[in-house]
Amino acid sequence: MAGAKYTNARVTRWFLALQDFRFKVDHRPGREHANAEALSRRDTCLGGFTVYQRPEQAKWSFSQISLSRNTMTRRVEDMAEDVRGQTAQRAGRFSAFSIACDESTDISDSAQLLVFLRGVNEDFEVCQELAGLETLKGTTRGFRLAQTMAFAVEEINRNSILLPNILLGYNLYDSCGILWNSLSAALSMTSGSGEPFQLNETCYGYPPVLGIVGDSSSTRTIAISSLVSLYRVPMVSYYSTCSCLTDRRRFPSFFRTIPSDAFQVQAMLQIVRRFKWTWLGLLISDDDYGLNVAQSFKSDLAESGRGCLAYLEALPKRNDLDQLQRIVGIMKKSTSRVVIVFAYETQMLNLMEEVVRQNVTGLQWMASEAWSTAIVLQTPSYMPFLAGTLGIAIRRGEIPGLREFLLRIRPDNGTLSNQDNNLVKQFWEHIFQCKFVSPGMEFEGQTQEKMCTGNEILRNAETEFHDLSNLRPEYNVYKAVYALAHALHDLLQCVPGSGPFKGQSCARLQGLQPWQLLYYMQKVNFTTDFGDQVSFDESGDVLPIYDVMNWMWLSDGSIEVKNVGEVKELASEIDDLILKEEQIFWNFESKKPPRSVCSESCTPGTRMAIKKGKPVCCFDCIPCSEGKVSNKTDSTQCTSCSEEFWSNPQRDQCEPKLIEFLSFMEPLGISLTTASLSGALLCLIVFGIFIHHRTTPVVRANNSELSFLILLSLKLCFMCSLLFIGQPRLTTCQLRQAAFGISFVLCVSCILVKTMVVLAVFKASKPGGGNSLKWFGVMQQRGTVLFLTLIQAAICTTWLMSSSPTPHKNTQYYKDKITVECVVGSTVGFVVLLGYIGLLAILSFLLAFLARNLPDNFNEAKFITFSMLVFCAVWIAFIPAYINSPGKYADAVEVFAILASSFGLLLALFGPKCYIIILKPEKNNKKALMGRGTPRS
């Protein structure tokens, strides 16, 4: 290598990589070197390798790669024992070693698997040996998809209604799962540099490509669609779900017959909401598919506010045990009981191995369409963990006639060397485990396989190729072909002069351009024989629909993945979930859906308070404070009750506040009412006594008419106190203060006149004082009392007319009560009313105090002085007590003051007289009153 005459960059890199090692090159003659082609035909470095924990994992992974002459398809069971033995034998010579896998093809263009053992011995010498080489067979998945498209084309060509007199053709390209192959095929189709096509002797050339069906990978589709969009060639994918492909600016000619990941996320969330799961774990694949799903999932959760993620983890692309252990450890510790997985079957296999090892049970799995029907996961060892899984799957459909079409496939023995028939040849070799031998091909004993004759009966072969009970991606391919056909049919129905293009023109079949078909693709709308509507929205997405699958673990140990519902988006953009809940298998002891919440729902009467540093689903339930309520579950805030309402003890509804006032039914009201009625009754009794003894000196002394007026006014005072008890109304509020003021003024004015009469009488008894009595005759006394009373009446009338007292609902005293009270209206009016009463009382007190020592055996001035002293003391104490008493207690204080002052006046003025009249009748004479009957001691 160092002495090579011509080198390139690759050889130079090899030289630099090898110059640090000591190795020996052994030469083997060509005839003995049977597997030389496997190494010489590949010019790439060794690929990475994956360590599989279980044989069925590797077997499944190898079997999922589509058929191609350049694609490696793997079957580990053919060489597992041999490689295991060689590894054990050769690894003993190394201090450290690794295993690497690579693929190539042999001289007959058949796929081969190469297993290398690379190690370092004790002398730090690096050695690499070929541990095994095996010719492999493939799977029929990709082949059946291709044949479904061929069947759809032939069916359309036979249809006399759809595209009459028009024959469709097709060309198949195998991307081998390689992006470059996909781009090369797309470029060939759009640029017209593909292989020429010959229909008959007169029809030969490069047919126009009007549409592309594919690809199955979102990553490859993104690249292909970016290219074909430049030519406006319609591209309809049957399996690419990335929501990024809805961007019409980047992918203006892209359509698909499979729902996007955005709807897949919405479908998952609908199921989640149906069972009220709000605390979720999300596992995704570490690629465009998973990352877009995660972004959609988080945004939808945030927008709806009905759930949040306990964790979000990306599954490693390879079997990274450390990463898987960490992820499963998070799942095990998390309180979330629902795990949603958007990943591929290979990643699920690796994950489940670790789940089984750590024995993580009690989880409700939710599967994306990528693995919701994966047969490789439906094993008895996984069922204790995966049983009960809910998943969404691509809509299953039925394609009548497809089975018969597939059974008619046979290899063309006359054209086996033709490249176009190579796919059928590989399919036949895979199905019947045989090998075709072309003329001139020689084998040097390296194969012991039986030869294919081409006459084998395909119907008798036991293979999943014939099982059409679960047509999902095939159904999408079928719809994609028909969508292109319907668009072309609508294009040909255009009437010149009313077309959609410039000058209202129509497209012509002879000069048809892809962009013209693109216009009609956007308007496609038809219904399949299975009953599914096919139409595309402005983003190129088909009207989405998914089947809801449930993994059932039956009592006999068998496993069934059953359709238990569907979720779809209606034309009105309303999501519709149909779920047969009674048929769902739940892998829990309760046989019911699990609960998966970070925090239990907050009951009415409480509100959610998010825990610091936690997602919004993790919260504490805080009881609503007084006066606030929440009447629904999981309320984010408590609502304040209106002013006249208050929260009930449960804080779940507002109730009318208690109305508080000085009631006749409460103890305080009863006591005051009893006292008021007792005082009025006592006045009536005294009035009766005085009527009965009206001719006696005690009654007649000092104008009995004034005594009767005082008794009447006191009775009114006792009775007006009842206006302060009971629910205040406008009439009672206006009457109470007026009645109180006028009654007391009448009483006090009578007392004042009586006091003045006493002074006038004793002044008249002195020499030169006879003229004083003419000013205090009966008419003058009546006029004085009336005048003084009218002044109070005028004050009350002015007050009531200017700013009348009114009832008021006061909510300031108590939070949970409404105190109904009478507001005075004008404070000045109320002060003047009380001030006038106080003025008369003070005058009466002063005059009575001056007359207290006048000579007489029965001097009434003393009792008037005492009564006025009690009266003034009560009302002076009333003022601060009234001001500081809230609500009904202010009324109680005023009633108490009225009653106390009234009782004080009644007892002080009429008590001594009643005592003489009833108990000392002998003193009820003129002589005794004048002090003439008995000498003073």
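This note goes through selected features of a predicted model, point by point.

1. Basis. The model is predicted, so local features need pLDDT of at least 70 and side-chain atom pairs count only at pLDDT 80 or more, while totals for chains, interfaces and linings use all residues. Residues are numbered from 1 along each chain as its sequence is written, and side-chain values use heavy atoms, with hydrogens and water left out.

2. Main nonpolar core. A nonpolar core is a set of buried Ala, Val, Leu, Ile, Met, Phe, Trp, Tyr and Cys residues joined through side-chain atoms within 4.5 Å; buried means under 20% relative accessible area, exposed over 50%, and partly exposed in between (1.4 Å probe, protein chains only). The largest such core has 67 residues, and those with the most contacts inside it are Phe690, Phe740, Phe871, Trp875 and Phe910. Elements that give two or more residues to this core include helix H17 (667-692), helix H20 (730-764) and helix H24 (888-918). The most comes from H24, with 14 residues. Helices (H or I, at least four residues) and strands (E, at least two) are DSSP runs, numbered from the N terminus.

3. Contact means heavy atoms within 4.5 Å. With residues up to four places away in sequence not counted, Phe740 touches Cys720, Phe724, Leu735, Leu833, Leu834, Ile837, Trp875, Glu894 and Ile898.

4. Salt bridges at Asp547. A salt bridge is a side-chain nitrogen of Lys or Arg within 4 Å of a carboxyl oxygen of Asp or Glu. The count by this rule is 20 salt bridges. In one of them, the side chains of Asp547 and Arg395 meet at 3.1 Å, N to O. Asp547 lies in strand E18 (residues 545-553) and Arg395 in the loop between strand E13 (390-394) and helix H13 (402-407), so the pair ties together parts that are 152 residues apart in sequence. Asp547 also forms a salt bridge with Arg472, the closest N and O atoms being 3.1 Å apart. This pair links distant parts of the chain, 75 residues apart, with Arg472 in the loop between strand E15 (450-451) and H15.

5. Asp547 counts as buried at 1% relative accessibility, as do Arg472 at 5% and Arg395 at 13%.

6. A salt bridge elsewhere. Asp620 and Lys611 form a salt bridge, with the closest N and O atoms 4.0 Å apart. Asp620 is partly exposed, with a relative accessible area of 38%, and Lys611 is partly exposed at 33%.

7. Two strands pair if DSSP finds at least two bridges between them. An open sheet of three strands has the order E6-E7-E8, with parallel pairing. Strand E6 (212-213) and strand E8 (254-256) are the edge strands, each pairing on one side only. E7 and E8 are joined by three bridges, and Met235 has Phe254 in E8 as its bridge partner.

8. Backbone points to check by eye. The peptide bond from Gly214 to Asp215 is cis, with omega near 0°; Asp215 is in the loop between E6 and H7. Lys276 has a positive phi, near 60°, in a residue other than glycine. Lys276 sits in the loop between helix H8 (261-274) and strand E9 (279-285) and counts as exposed at 64% relative accessibility. Gln504 likewise has a positive phi, near 55°; Gln504 is in the loop between helix H15 (473-492) and helix H16 (514-521), and is partly exposed, with a relative accessible area of 47%.

9. Asn292, in helix H9 (residues 288-304), is buried, with a relative accessible area of 16%. Leaving aside neighbours within four places in sequence, Asn292 is in contact with Cys242, Ser243 and Cys244. The C-alpha atoms of Asn292 and Cys244 are separated by 7.4 Å, although the residues are 48 apart along the chain. Ser535, in strand E17 (residues 533-535), counts as buried at 13% relative accessibility.
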